[in-house]
Amino acid sequence: MIEGMLTGINTAFSGYNIFMVMLGCFAGTIIGMLPGLGPMSAIALMIPITYGFDPASAMILMAGVYYGAIFGGSTSSILINAPGVAGTVSSSFDGYPMAKSGQAGKALAIAAYSSFSGGTIAAIFLLIAAPQLAKVSLSFQSADYFALMCVGLLSIAAFASKGQFLKAMIMTALGLALATVGQDSLSDITRFHFGNINLMDGISFVLLVMATFAMSEAFMIIFKKMEINFKASDANKDKLGSIKLSKEEIKEMVPVIGRTSVLGFLVGVLPGAGATIASFLAWGFERSIASAKEKLKFGKGSIKGLAAPETANNAACTGSFVPLLTLGIPGSGTTAVMLGALLSFGVQPGPRLYVEQPEIFWSIIISMYIGNIILLVLNLPLIPYIARILAIPKNILVPLVLFFSVTGVYLISFNSFDIYFMAIVALISLVLRTLNYPMPPLILGFILGGMLEKNLRRALLINDGSFSFLWERPISLALFILMILIILLQIYQGMKKRQI
Amino acid sequence: MSISYTRISALIFLLLFIIYSYLASEIRVFVFDENADFNARTFPKLISYLGIIVSFLTLVLSKGEDEPLNQFEWIKVLILFSLVFTYGLIIKSIGFFISTNLFLIFSYYYLGVRNYKVIVLCSFPVVAVLQFMLHGLLDVYIRDPFLKLLGVIS
């Protein structure tokens with residue numbers, strides 16, 4: 001383990017990779033700041049650029065983008081009450097009132113320090129938890145993997161769907177169905193290509209992510225007439241106010257950071273939960289344990305109310321890497337995109353990654369920490385300048401996003417068919433999103449589809465075609481029970497609300 | 001049962017998954033695989049069952065609470081969609097540089113930008129820098145008859 005860690009440190013601290021983290025954090029902050037464009041779009045836009053890179057550098061860049069996008073989302077939440085990322089919605093509850101009262105600089109500093117602390121504590125947890133879990137997961141068999149992936153798909157549909165469980169399950173099924181287009185990995189039989197040569201190799205993962213996120217987000221800005229009321233002059237240092245915090249304010253933040261970083265990390269590890277749930281839970285938790293006097297401040301510019309979600313969402317981002325790196329199963333939509341990127345580099349995350357490619361495993365973990373430092377040291381002082389991005393009018397922004405999306409897909413295949421297909425998928429996604437069909441389950445279904453089929457095939461062949469493997473092995477049985485519990489919980493919640 | 005956009009979409013999904021199920025059963029497998037415990041049809045069939053069940057449940061259980069779709073900018077999005085589609089049509093024939101600039105210029109103009117300085121500064125330099133990065137720095141070859149004619153790329 002020490003040897004692997006040293007290799008990882010060596011890789012992560014090379015001048016080139018530190019530059020990658022810096023670039024990633026910077027690009028992520030800018031993209032994450034733009035309302036509508038979250039970490040998934042940001043990472044998707046980076047994929048084509050990273051094709052010439054070695055896998056470790058590409059993943060380091062993407063991890064930086066992930067962190068930067070979350071930080072950028074907080075900035076737009078605080079400054080203009082328009083969260084770029086769902087995970088930073090709860091940051092606007094107290095961040096925006098602070099900004100309105102002339103304390104935008106202070107709010108941004110609280111967000112940056114809390115994110116840094118949350119990310120740092122969670123990176124330490126990850127450092128301890130990931131190798132242990134990787135060792136445990138070496139005992140996993142195909143049946144367990146199949147059950148685990150089903151749990152992942154069910155839980156992302158349950159937790160990421162804002163009460164629309166059935167719609168999220170439709171999207172999961174659609175994602176799985178799209179994954180079956182093209183050649184079957186075992187028999188080489190081509191399925192669902194309808195005689196179209198462009199579909200014989202299957203649907204490109206980058207195309208699907210770009211179409212459902214980046215391009216459909218750009219369409220959505222026009223479709224829903226989203227307005228960004230921010231002028232470049234609003235980003236002046238005088239208007240933002242001081243970024244210095246008093247001793248009392250730091251004292252108030254410290255216990256909140258301690259509590260919510262643990263909470264955020266644990267929520268992040270759960271498949272499907274992620275930064276959004278972690279941040280809302282943290283805000284609610286801190287409010288519930290606050291004194292009656294402090295409770296009144298929540299929602300009106302409370303330091304605790306801002307520090308809690310900011311700490312938790314960054315801790316959850318780090319936590320969501322645990323299932324990705326140790327089991328090869330993404331816990332959130334964003335890590336699903338990163339899994340897709342890793343697979344396209346020929347890297348298969350999972351317990352073997354820790355053993356066979358420690359430089360990738362450890363350099364990603366260590367680069368997360370470097371990313372946190374960079375966000376604090378570089379991005380916070382640069383906020384008055386970076387925030388000017390928010391002043392870009394939508395009629396300039398939308399064509400640019402469309403152009404980057406199209407270029408990203410075109411550069412992979414140099415095939416015009418992919419551009420038409422992408423535009424059609426983006427239009428369909430726009431309609432589906434308007435009808436509250438969530439997109440992350442579709443992406444997770446698409447990415448896990450191939451692995452799910454492979455593991456199911458192996459498990460069924462070992463068990464003579466019987467599904468009894470689901471309850472014969474203890475790990476599978478535990479996961480099977482978890483699946484049933486998730487479904488029962490959804491039925492219960494649906495009956496309670498009379499809407500599932 | 002009232003008609004809502006969610007119900008209509010669920011019905012479309014139900015039909016799609018029924019068709020998918022039919023197509024899955026039509027997948028041609030090797031003779032020796034026909035009665036195997038798992039063949040190329042098995043997984044798609046399982047997905048289709050899942051899809052049929054969940055879309056049927058959505059159709060039956062959902063409530064008609066969708067926001068009206070006619071309040072949105074359909075036409076603008078469809079025109080932007082057409083611009084992207086046209087961009088795809090011409091990118092190979094006239095090359096990356098000109099097609100991308102045309103796409104950006106038309107899109108800015110359509111979305112209401114009338115300042116020609118802004119239009120030019122947000123198109124030509126952006127495309128040139130990106131193409132230089134890709135072609136010059138990252139060695140990604142992008143076919144471009146126009147730039148080839150000018151002798152900018154070989």
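Okay, quick one before we start: pLDDT is the predictor's confidence in each residue, running from 0 to 100. You'll want that in mind, since what we have here is a predicted model.

So, chain A. Its mean pLDDT comes out at 83, with 93% of its residues at 70 or more.

Next, a helix pair within chain A. Helix 4 (residues 55-80) and helix 5 (residues 89-100) of chain A have axes that come within 6 Å and cross at roughly 45 degrees. That's why helix 4 of chain A counts as oblique to helix 5 of chain A. The crossing of these two is right-handed. On the helix 4 side you've got S74(A), S77(A), I78(A) and L79(A), meeting residues of helix 5 of chain A that include V89(A), G95(A) and Y96(A). By class, that contact splits into five nonpolar, five polar and no charged residues.

Last bit, the contact between the chains. Chain B puts in 55 residues and chain A puts in 46. On the chain B side, helices 1, 2, 3, 4 and 6 of chain B each supply at least two residues. Which of them gives the most? Helix 3 of chain B, with 11 residues. And the side of chain B that touches chain A has 37 nonpolar, 10 polar and eight charged residues.

Okay, over to you folks.

Notes
Residues numbered from 1 in each chain as written. Chains lettered and ligands numbered in written order. Predicted model: local features only at pLDDT ≥ 70, side-chain atom pairs only at ≥ 80, totals over all residues. Contact = placed C-beta atoms within 7 Å. Helix = DSSP H or I, 4+ residues; strand = E, 2+ residues; numbered from the N terminus. Nonpolar A, V, L, I, M, F, W, Y, C, P; charged D, E, K, R; others polar. Axes fitted to C-alpha atoms, helices over the stretch in contact; angles between N-to-C directions. Parallel < 35°, antiparallel > 145°, perpendicular 65-115°, else oblique. Left-handed = near helix turned anticlockwise from the far one by under 90°.
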